[in-house]
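Have the structure open while you read.

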Amino acid sequence: MAFQHPRRMAVRTAAWMLLAAAAAPSMADTSPRNVVQFSTSATQEVTQDLMTVTLQITKEGAQATEVQSAVKQVLDAALSEAKSAASASQGGMSVRTGQFSIQPRYTNGGRINGWQGSAQLLLEGTDTTRISQTAGKLAQLNIVNVQYGLSRALREQHESALTEQAISRFRARASQMAVAFGLKGYSLGEISVSSTEPGFESRPPVLMAMRAKTMEFADAALPVEPGKGQLSVTVSGQVILTP
């Protein structure tokens, strides 16, 4: 390795420091100025159009095979009737099975003294009238849960319109800020668009407990009343105000 005179090394070091000092302002100048960050939102109240009804059959017996057979027999009959109703709804109602289980029952001493089986059938769709009528006709099953929500089609429809509104408000606010600061305009920086899960007002349980299966209630349609909620789209980001 060649020996360098200490004075030459000092001169080179000083030169490097001068170059770095000269480059620092130019590097700082590349950072964007007049950057403003804010967000705008568009909100709309929407009514739930998607309904899901969960029905359940429960059987008990001394033998697991007997219980399973009894549950399957009731489920098959209910499934056939529900499918027939769904085929006439032209896509407004779908049918699917849910949980199916066979479990032992125990005495206080921990010994098996019987079996209990259960199976679920779910009716779902936007044809709430047909779903409620079908649920009322399946008197051999109990209604254990009723839920409401937004269908994908309705959600996308509202989100599309709300997105346009939120973006329009974002651009309008950016223009207002530029004028307020005495500048001519703006350019867009990083922007993000997001939608929120609607918080719907709760509804009291409808026929959640054991349903009467006699007299006029056997084929009565399930009372339905969907809730409403706020669906919103938010545009967040930054703009660079330009002179």
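Let's start with a charged pair: E60 and R105 form a salt bridge through their side chains, with N and O 2.8 Å apart. The two partners come from distant parts of the chain, since E60 sits in strand 2 (residues 50-61) and R105 in strand 3 (residues 94-106), 45 residues apart. R105 has a relative accessibility of 28%, so it counts as partly exposed. Bear in mind throughout that this is a predicted model.

| Salt bridge | Closest N to O distance |
|---|---|
| D127 and R130 | 3.3 Å |
| R155 and E159 | 3.0 Å |

In the pair of D127 and R130, R130 is partly exposed, with a relative accessible area of 27%. D127 comes out at 22% relative accessibility, so it counts as partly exposed too; the cut-off for buried is under 20%. With R155 and E159 the setting is another one: both residues are buried. Both also belong to helix 4, where they are four residues apart, about one turn of the helix. An α-helix has 3.6 residues a turn, so residues three or four places apart point the same way.

Now for the overall layout. The protein has four helices and eight strands, and along the sequence they follow the pattern α-β-β-α-β-β-α-β-α-β-β-β. Of its 243 residues, 31% count as buried. Among contacts with a separation of 6 or more, 83% are between residues 24 or more positions apart. The exposed surface comes to about 15400 Å², and carbon and sulfur atoms supply 52% of that.

Helix 4 deserves a longer look. It has 29 residues and reaches 41 Å from its first C-alpha to its last, close to the 42 Å expected at 1.5 Å a residue. After the helix comes G182, which has a positive phi, near 75 degrees. Which residues of helix 4 are buried? They are L154, R155, H158, E159, L162, A166, F170, A174, M177 and A178. The cover over these buried residues includes strand 1, strand 6 and strand 8 (228-242).

L162 gives a close-up of that packing. This residue of helix 4 has 0% relative accessibility, so it counts as buried. If you leave aside the neighbours within four places in sequence, L162 is in contact with A42, T43, Q44, L231, S232 and V233. Take A42 from that list: its C-alpha is 5.5 Å from the C-alpha of L162, although the two are 120 residues apart in sequence.

A search of the whole structure turns up one aromatic pair. The ring centres of F38 and F170 are 4.4 Å apart and the planes meet at 20 degrees, so the pair is stacked; planes under 30 degrees apart count as such. F38 lies in strand 1 (residues 35-47) and F170 in helix 4 (residues 152-180), so this pair ties together parts that are 132 residues apart in sequence. Both F38 and F170 are buried.

I167, L188, I191 and V193 make a nonpolar patch of about 310 Å². Strand 6 (residues 185-195) gives the largest share of this patch, with three residues. L188 is located in strand 6, and its relative accessible area of 45% makes it partly exposed.

How values were computed. Residues are numbered from 1 along each chain as its sequence is written. This is a predicted model: local features need pLDDT of at least 70, side-chain atom pairs count only at pLDDT 80 or more; totals for chains, interfaces and linings use all residues. Side-chain values use heavy atoms; hydrogens and water are left out. Rings of Phe, Tyr and Trp (its six-membered ring) pair if their centres lie within 6.5 Å; planes under 30 degrees apart count as stacked, over 60 as edge-to-face and the rest as tilted. Helices (H or I, at least four residues) and strands (E, at least two) are DSSP runs, numbered from the N terminus. Buried means under 20% relative accessible area, exposed over 50%, partly exposed in between (1.4 Å probe, protein chains only). Patches are made of residues with over 30% relative accessible area and no salt bridge: like charges are joined within 9 Å, nonpolar side chains (Val, Leu, Ile, Met, Phe, Trp, Tyr) within 5 Å. Accessible areas come from the Shrake-Rupley method with a 1.4 Å probe; for residues, only the protein chains shown count as cover. A salt bridge is a side-chain nitrogen of Lys or Arg within 4 Å of a carboxyl oxygen of Asp or Glu. The expected span of a helix is 1.5 Å times one less than its number of residues. Contact means heavy atoms within 4.5 Å.
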